[in-house]
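Let's read a structure together, one feature at a time. Have a look at it first, then we'll talk.

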Amino acid sequence: MRKLLYISLFVFITSNTFITSNTFADINIVERDGSITISNSYFKIIHSKRTNAGLPSQIICNVPISLKWSDGVYHRSGFQIEKGLLASMRFANRPSKGADINSGTCKTLKILSNSDKQVIVKVDIVLTKLASHPRLTYYFKYCDSPIIDIVAYVSQQSPASWSELRLFDLKFDQPFNHWFCSIPAPLINERWDSQYVQGARNCKLRFDKEPLPGHWRIPREHKGQRWVAAITDGTLFGLLRTMRIITKRGWYDSWPYISNDCKNIRGVWLIPWEGQKRKFRCWLYVNKLTDVRRQMNQAYKQITATLKVSPKTPTLSSKKYKVGNFDISLDNGVLQQISYNSMPILSTASNLFEIEYKLKNGKFITVTSQLWKQIKVINADNRNEITVKFSKCAAAPITSQVTITFTAKHNKLMSNIAITPDRSAGIWRVRFPLIKLAPFAKSHKLYLPVSMGICIDDVFKKGVDYYCPYPTVGATMQWFAITGISDRIRRTISFATYDNRPFIKNFIVRNSPQTKNTSLLFAIDWSIENTGIAGNKFENPGAFVLQITAGSWYDAFKDYKRWFYTTKFAPIENPESAKRVAFWFRSWHGDWKKPYENIAKQTNVPIGMHSCTWFATPHDDYYPQYFPIREGFDKVLAKWKKDNWTVITYINGILHDSESLLFRMLGYKYALRDMDGKMTLPKFNKTVDAYMCIATDYWQKVLKETIIKLIDKVGVDGVYIDMVSGTPALCFDKSHKHPIGGGSWWIQGHRKIVNDCKKILKRKGKNVFFISEYPADCYAGAYNGFLFGTAEWYKDFVPIFQTLFDGKLILYAQEQSYAREPQLWRVWSARELCFGAQIGWFRTEEWRFQDNQTKQFVYGCARWRNKLKDFITQGKFIPAVSTGAPTVSYFHRRGWCITAPSVMLACWEKGDDAIIIFVNVSMKPADINIKLNLKRLNIPSAKNIELINFSDNKKLQTTKHLSLKPDEIIVLKLLTQTDRF
């Protein structure tokens, strides 16, 4: 199926004068001139040509409620609203001026079907005021049910691009009272990890307990991954969706949402819409209120049941195959079970793969592993490998061949897929593997590579919906794990891809605690080289590894770490100018010439300066024309260098001013282009920028020349390249000399720029360093470091990223813009110190507004970072210490209420020495119990352990307890009488 989205709808409406009336056992229809009224035992709804162009305008359940449909196309111009067009997105050019989404003309309003079981109403609308004549055709399917099935077709008469397409956008004249969402924002905190969240109209939503008076978050939009619901006067309105949309960039999640003023529900928000014909489907639910969650979950279950198809499958008897220590059960291309030494791993059967093909006629079709006429299993003689071959697809006129290989080695099961289609189809998307994990212990902890790493407790009892592209801050590495704990026995199942190219991919971890058979889905959506091109082949570049480990996540992670250091991503030695910095400042806009001498003297540590405004043009404008440098910057730089500061400068790694002469003459043909040949043109400030393709010789040359000139002529120590380590893009321009669509070319292109610059500068005798924005393991080895992008919104922070890199990769500071809450600064600075990051990245104006006590605390973190530099840059990070410290609460600048441990801690080992860092981030004394993991420290017994204060070498009286004063930082040396240290 191609480009689908689904939504449901319920509506009640009254009308007094009718001309015709057809009554059935379940549904009543009344027609009059220009209007149709549908009623059943749940609601009454009116379609009127004069109101909403034939779309439902009034609903009656308990009371009459008026509706206005705001479906239509929108154009963005900066951040302004133009003549009724909502200008909120970044893409496309204006097809015409003066367009108004309420200018649609109803061409058709009629009943297509009126059996005693269902009624189908067709509404055909054309936006006549627009030159391209966009057309929206709706089919409303009514049964004696609270669910209205709505299918919408969107097209236009002539080509035009739009910033947005909004469908099923319902605005109520009167606001409703309360709202509900299903899993609206996963992985934020325990409350949001529950299956739903709720709130009242214009309420100040409390995310957690209120630790400080006056701190609340007022939500703007309430998104639901499966459904949203609104309640007013005893009536429940729900909007549901079950599928994602296929867009030019791949899969796109369009979540239904409710506005904060409780007057708007929206089902589809497509960004951008290039004018091609699309089909969408949604459901709207209207009923009397009894139990919101029960009603909405039942409705969701009902609509998903109608979408399930039971395909005919070939006859193949279920058989168990021995592969090393693993047993694999297969039946008709379906994976029935995987077990390791008789321990079942899967909860339910699942397809081995899902493949999306693009046919020559432009249609898309999804084929699962059970839709094949011939399935053959080849069992290897060595009993450590089997191969499953699929041929002659039963669901589509294609002769593609698929081969799955399973290989076992000790406690690891490795799997690979190879797909060879014929010229009748091209591979668009591959989802492989699909593992539906079963509970295997009393309690479970899920570890996800979100930023530095996070942990979710009791994952089988919570709603988790993780879908993140790699490499991004949401998936910083190719490794996941779940640890089961039963009677102090820990066992970890880890999932990883040993892909050293690597390909862009989306990692998926999902579950639904409401299902009878609780399971946790692990899957990967692979980006494909030459996406959709007929005859393209795919073989996953790195094996998918399922590993069973006795122990915790740390024990399971060692294998991925060993593999990682065999790849080209292994970090390299950092120059001393990068390692020496303990405290970072950032010059920004008007404060770039302001004095920093007093701050430097108070800190008394090596300072780093990140200059974002060394060029004369405004930030995010006129790129890549950075030169000549800002007047006076050379003198300021000379002063910083005289004071022995390390200075790096900002450049953007992807934006090009699309209105410049340089772009029109040279850059135009090297911009990123989508499937339809369109450029992505965001507007961040004054100019309209174009996203550039990193694989092109032109853009490689532009960035290299800028970087070389900055280092060689201006004289800075390093360069920060913005936006390159964010979400990778797909490009479909065949002239760019890279595989179109997905693959690994994006990552390789960025690595090539940095490595080429390093080689050129090294020949000039300059040892410089490069920093980027978000951490990602595949950029290591080229980049020297990243911003310390902590998962600051999540309390169960797990330092997986630090464990991978130890002190070999620089993590410097983190985004603290506009963050002035003292508790937040304490938590972030302490976390940076404990986990090896350099402190700060403060702006002067932020620093000026902070209280002196907090400043002194941050200074203390910077001084300790400088004192412990050798441990952090040469040592090994070991998560081997914990405490029973209480939590503190603080508020993120975006309004999130967050809890964190009141005592931050970490353990570092260098040679025969080990230290433990304790930082009290609260403004109260803290008494903690010290718990050491002796196994991770290779210490046989705790009897002879001694803890020595790092500052004065005084021995602690006890190794089990520690008292910290408010804001106190204590560093202890770990000694044993066994001479281990």
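Q: In strand 65, which residue is the bridge partner of Ile915?

A: Strands of a sheet pair through backbone hydrogen bonds, either parallel or antiparallel. Here the partner of Ile915 is Lys973. This is a predicted model, where local features need pLDDT of at least 70, side-chain atom pairs count only at pLDDT 80 or more, and totals for chains, interfaces and linings use all residues. Residues are numbered from 1 along each chain as its sequence is written, and side-chain values use heavy atoms, leaving out hydrogens and water.

Q: How many bridges join strand 60 to strand 65?

A: Strands are DSSP runs of E, at least two residues, and helices are runs of H or I, at least four, numbered from the N terminus. Strand 60 (residues 913-920) and strand 65 (residues 969-976) run antiparallel and are joined by five bridges.

Q: What is the strand order of the open sheet?

A: Two strands pair if DSSP finds at least two bridges between them. The five strands run 55-59-60-65-63, with antiparallel pairing. Strand 55 (876-877) and strand 63 (945-949) are the edges, each pairing on one side only.

Q: Why does Ser391 count as buried?

A: Buried means under 20% relative accessible area, exposed over 50%, and partly exposed in between (1.4 Å probe, protein chains only). Ser391 has 18% relative accessibility, so Ser391 counts as buried. Ser391 lies in strand 32 (residues 385-393). Leaving aside neighbours within four places in sequence, its contacts (heavy atoms within 4.5 Å) include Trp372 and Gln401.
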